[in-house]
Amino acid sequence: MEKSEAKKVLEQARQAWEAQEWLRSAELYEQVLAHYPDEEPSAVWWYDAALAYKFLRNWAKAFELGRQAAARSPRGEQDPAFWNLGVAATIQRDWATARDAWEGFGIPMPDGEGEINGSFGMACVRLDTGGEREVVWIERLCPTRGRVMNVPATDGRRFGEIVVHDGEPTGERPFNGQSVAVFDELLLFEASDLPTLTVSVNAAEASDVEALVDSFFAKDFGAEAASGFHVLCACCSEGRVDWDEASAPAHGGSQKVWLAAPQDEARQLLDAWATAEGRTWSGLELVG
C-alpha cells in the first residue's frame with residue numbers, strides 16, 4: 001500500500017469512526033497497520049482499532065490490537081491504551097498481561113501471579129440485562145472486576161456474582177462521606193451459586209429488619225429490604241445521588257425482603273429471627 005493510498009484509507013477509517021461504524025473503522029485501520037505498524041502516529045491507529053472492537057464486545061480482537069497499542073504507548077502515565085488492554089486481558093483471563101497492563105497504566109498490583117483478587121475499594125455498577133438497569137454496590141477485586149454486594153431485584157442477577165465494568169464513570173454515589181463512581185457493566189464474569197428468594201416480613205421497628213439483614217450477612221449470605229431500594233429515572237441515575245445507599249435505613253412494618261441463600265438455610269434464619277416478639281414472616285419464594 002502506497003502512502004498516498006494509506007492516507008485515503010485512514011480518512012475513511014476516521015469517517016467511519018465518526019459515524020460509529022465500528023467494524024468498518026477497525027478493519028480500515030487494520031488495512032493500514034498491516035503496512036505501516038510503526039509509523040509515528042501508529043499507536044493512535046492501533047488504539048482506535050482496539051477501542052472499536054471493545055465497543056463491539058469483540059474481546060479477542062480488542063486484546064490482540066490492544067497489545068500492539070500498549071506496546072507503543074508510554075508506561076506509568078495513565079495512557080488509556082493500557083486500561084483497555086487491562087480490561088480485554090481480564091476478560092480473556094490472561095492474568096500476566098492484565099497485571100502488566102495495570103502496572104503500565106500506573107496502578108500497583110498485589111504481589112503474586114495469576115488471577116487478581118485484591119482490595120480496590122467500593123464502587124457501584126449499573127447492571128444491564130436486556131433493558132433492565134439496576135445500580136448495585138460492588139467490592140472491587142481489580143481495576144475492572146467487582147463482587148456484587150447487594151441482592152439484585154433484576155431477574156437473573158445474583159448476590160455474590162463477579163462482574164466486569166467499564167472504566168468511565170456514569171454517575172456518583174456517596175459512601176462513608178466520600179464520592180464513589182458508578183460504572184456500566186461490560187459482562188458477567190463469574191456467576192453466583194446463591195439463589196435469590198423473596199419473603200414478606202412484618203416487624204415492629206426498623207432495628208428488627210436490620211437484625212434480619214445482619215443475620216444473613218453474618219453467614220456470608222445477602223439480604224435486601226424493599227425500603228433500601230430507590231427508583232430513579234435514567235438521567236438522575238447517571239448523575240450524583242445524594243443519599244448513601246450503602247447505609248440506607250430500613251423501616252418497620254410490613255415489607256418485601258430479597259434474600260440470597262439456600263432455601264432451607266434461609267428458612268432457618270427467618271425462624272430464628274421470628275422468635276423475638278413482634279416479628280413474623282411469610283411467603284418465602286424462589287425467584288432466581
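**Strand pairing and helix packing**

Student: Which residue in β6 is the bridge partner of R126?

Tutor: This is a predicted model, in which local features need pLDDT of at least 70 and side-chain atom pairs count only at pLDDT 80 or more, whereas totals for chains, interfaces and linings use all residues. Residues are numbered from 1 along each chain as its sequence is written, and side-chain values use heavy atoms, with hydrogens and water left out. Strands β1 (residues 122-129) and β6 (residues 178-190) run parallel and are joined by three bridges; two strands pair if DSSP finds at least two bridges between them. Within β6, the bridge partner of R126 is D184.

Student: Which residue in β6 stands opposite V164?

Tutor: Strand β4 (residues 162-165) pairs with β6 in the antiparallel sense, over four bridges. In this pairing, the β6 residue opposite V164 is L187.

Student: Which residue takes a positive phi in the hairpin of β5 and β6?

Tutor: Strand β5 (residues 172-175) and β6 run antiparallel and are joined by four bridges, with F175 opposite Q178. Two residues lie between the strands of this hairpin, and the positive phi, near 55°, belongs to N176.

Student: How many helices and strands does the protein chain have?

Tutor: Helices (H or I, at least four residues) and strands (E, at least two) are DSSP runs, numbered from the N terminus. On that basis, the protein chain has nine helices and 10 strands.

Student: What is the strand order of the open sheet of four strands?

Tutor: The pairing in this open sheet is antiparallel, and the order is β8-β9-β7-β10. The edge strands, each pairing on one side only, are β8 (222-225) and β10 (279-286). From one strand to the next, the twist averages 25°.

Student: What is the bridge partner of A223 in β9?

Tutor: Strands β8 and β9 (residues 253-260) run antiparallel and are joined by four bridges. Within β9, the partner of A223 is L259.

Student: What angle does the direction of helix α9 make with that of β10?

Tutor: Axes are lines fitted to C-alpha atoms, for helices over the stretch in contact, and angles run from 0 to 180 degrees between N-to-C directions; contact means heavy atoms within 4.5 Å. Helix α7 (residues 206-217) packs on the sheet and touches β7 (196-203), β8, β9 and β10, its direction making about 160° with that of β8. Helix α9 (residues 263-273) also packs on the sheet, touching β7, β9 and β10. With the direction of β10, that of α9 makes about 170°.

Student: Why is helix α6 largely enclosed by the rest of the structure, and what is included in its cover?

Tutor: Buried means under 20% relative accessible area, exposed over 50% and partly exposed in between (1.4 Å probe, protein chains only). Because eight of the 11 residues of α6 (residues 95-105) are buried, the helix is largely enclosed by the rest of the structure. The buried residues are W95, T97, A98, R99, A101, W102, G104 and F105. Their cover includes α4 (59-71), α5 (80-91), β3 (145-148) and β6.

Student: Which residue takes a positive phi just after α6?

Tutor: Helix α6 comprises residues 95-105. Just after α6, a positive phi of about 120° is taken by G106.

Student: What percentage of the residues in the protein chain is buried?

Tutor: The C-alpha trace spans about 85 × 40 × 35 Å along its principal axes. Of the 288 residues in the protein chain, the buried ones make up 47%.
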